Amino acid sequence: MSLSKMVQNISQYMFDNYSKDSGKLLVHLGALGWVLGSAAQIGAVIGDKNIDKEQKRFLLPQEGADAAVNVAMYYTICEAIKRGADQLVEKGKLLSDDVAKALVAIKPSMNLDYKNWQNLFTKDELKTALSKLLKDPDNLDMLKGLSIDEKAQAKKLIAAALEKLEDHKDNVGVISAIVASVIACNIVTPYVRNIVASKIQNHMLEKETSEIRKTQIKRNITMLNPLPLSFKAFNGYNTYSKVKI
């Protein structure tokens, strides 16, 4: 595949997935930033010649745990908050006045106040996402009984309302993604990371202490006080062997 074709495919993918959902783009790029930053941090520890192997054995698990917490907390928190905001918009709980006015303009004969835009739809229709309703206008109850010309005009107004709804949803998505990233990066993630790091540190210290103790016992038994030649068969004995007295 040529470079130009690859760039074209990437551009098309970005447009298809993010052109109407900038908040989603912010969440994904933020998570990618955490992944790359964490990888760079781990790589720096691995490649640093001033850090000996014993220190790296202690640092790498901690850096890996930090990376996992950073990425997981950021993505899950941001995705949950943004998705919640999207659902509020789709359910009509978080609409701007401009969107509400565009909705009531679909059928001016009803003479609705924009605050009562819900009256355009049946109770069953209101259980469905607004954007889904507006994308399939032929099945809307409000269009029943209209003439061909009236339906054509209503569909144009529905398309205009859908465009305003999608723009509003995109704006809400951006705001919610920014707020979520602040919460994730500055409140939740540091708290969780400290808990995880503390547990890993305690585990590594216990493991290191155990290794040191084993080395000390082995050195005292097999090196400092070796058995005489007549007990050559027992020279490899230490407290961790299977020999029992």
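Is Glu-166 buried or exposed? Select Glu-166 in this predicted model and the answer is that, at 18% relative accessibility, Glu-166 counts as buried.

Next, move to Lys-169, a partly exposed residue with a relative accessible area of 25%, and to Glu-90, which counts as buried at 10% relative accessibility. Their salt bridge brings the closest N and O atoms to 2.8 Å, and it links distant parts of the chain, with Glu-90 in helix α3 (residues 53-90) and Lys-169 in helix α6, 79 residues apart.

A further stop is Asp-138 with Lys-155, a salt bridge whose closest N and O atoms are 2.5 Å apart. Asp-138 lies in the loop between α5 (130-135) and α6, and Lys-155 in helix α6, so the pair ties together parts that are 17 residues apart in sequence. Across the structure, the count comes to 9 salt bridges.

Finally, select Cys-78, which counts as buried at 0% relative accessibility, and Cys-185, which is partly exposed at 28%. The sulfur of Cys-78 is 6.5 Å from that of Cys-185, its closest cysteine sulfur, and this is too far for a bond; a search of the whole structure finds 0 disulfides.

Technical notes: Residues are numbered from 1 along each chain as its sequence is written. This is a predicted model: local features need pLDDT of at least 70, side-chain atom pairs count only at pLDDT 80 or more; totals for chains, interfaces and linings use all residues. Side-chain values use heavy atoms; hydrogens and water are left out. A disulfide is a pair of cysteine sulfur atoms within 2.5 Å. Buried means under 20% relative accessible area, exposed over 50%, partly exposed in between (1.4 Å probe, protein chains only). A salt bridge is a side-chain nitrogen of Lys or Arg within 4 Å of a carboxyl oxygen of Asp or Glu. Helices (H or I, at least four residues) and strands (E, at least two) are DSSP runs, numbered from the N terminus.
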